[in-house]
Amino acid sequence: MTRGFKPSTNVAPLIKFGRWSLLLLGISYGATKHSFLQNNADKTKETRYKLKAVKEIKISEDKIKFAAEELNNLELILNPVKV
């Protein structure tokens, strides 16, 4: 069964202009909002990476310290001091 569509009607030029202007206004608003949010996200990401690097350095230092203590404890267990 075929469906019969109504023929298109003429839309007033003022309505067409309003629709197109609001569409373009919305696109420009979205572009500026996206740009603003992207700049903030980039700044946040940069500080997050800096903090992550500092945190990784601290963790690696703690691992080295823990490994040295573990070796000392193993040395004491395996080779007890003879009195």
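This is a predicted model: local features need pLDDT of at least 70, side-chain atom pairs count only at pLDDT 80 or more; totals for chains, interfaces and linings use all residues.
A residue is called buried when its relative accessible area is under 20%, exposed when it is over 50%, and partly exposed in between. Asp62, with a relative accessible area of 41%, is therefore partly exposed.

**The whole chain**

Begin by displaying the entire protein. Helix α1 covers residues 13-78. The C-alpha atoms fill a box of roughly 110 × 40 × 10 Å along the principal axes. The radius of gyration of the protein is 34 Å, whereas a compact globule of 83 residues would have one near 12 Å.

How much of the protein is buried? Of the 83 residues, buried ones make up 0%. The protein exposes about 8,600 Å², and 66% of that area is supplied by carbon and sulfur atoms.

**A nonpolar patch**

Select Trp20, Leu23, Leu24 and Ile27, which make a nonpolar surface patch of about 460 Å². Two of these residues deserve a separate look. Trp20 belongs to helix α1 and has a relative accessible area of 56%. Because the limit for the exposed class is over 50%, Trp20 counts as exposed. Leu24 is also found in helix α1, and its relative accessible area of 54% places Leu24 in the exposed class.

In sequence, 15 residues separate Leu24 from Asn39. Drawn from C-alpha to C-alpha, the distance in space between Leu24 and Asn39 is 23 Å.

**Charged side chains**

Now colour the charged side chains. The protein carries 15 positive and 8 negative ones. How far apart do the centres of the two sets lie? The separation between these centres is 24 Å.

**The salt bridges**

A search of the whole structure finds two salt bridges. For one of them, select Glu46 and Lys50, whose side chains meet at 3.5 Å, N to O. Why can these two residues be described as about one helical turn apart? The reason is that Glu46 and Lys50 are four residues apart in helix α1. Glu46 has 46% relative accessibility and so counts as partly exposed. Lys50, in contrast, is exposed, because its relative accessible area is 53%.

For the other bridge, return to Asp62 and select Lys58 with it. The side chains of Asp62 and Lys58 meet in a salt bridge of 3.4 Å, N to O. Asp62 and Lys58 are four residues apart in helix α1, so about one helical turn separates them.

Technical notes. Residues are numbered from 1 along each chain as its sequence is written. Side-chain values use heavy atoms; hydrogens and water are left out. A salt bridge is a side-chain nitrogen of Lys or Arg within 4 Å of a carboxyl oxygen of Asp or Glu. Buried means under 20% relative accessible area, exposed over 50%, partly exposed in between (1.4 Å probe, protein chains only). Patches are made of residues with over 30% relative accessible area and no salt bridge: like charges are joined within 9 Å, nonpolar side chains (Val, Leu, Ile, Met, Phe, Trp, Tyr) within 5 Å. Accessible areas come from the Shrake-Rupley method with a 1.4 Å probe; for residues, only the protein chains shown count as cover. The radius of gyration is taken over C-alpha atoms; the globule rule is 2.2 Å times the number of residues to the power 0.38. Lys and Arg count as positive and Asp and Glu as negative; His and the chain ends are not counted. The place of a charge is taken as NZ of Lys, CZ of Arg, CG of Asp or CD of Glu.
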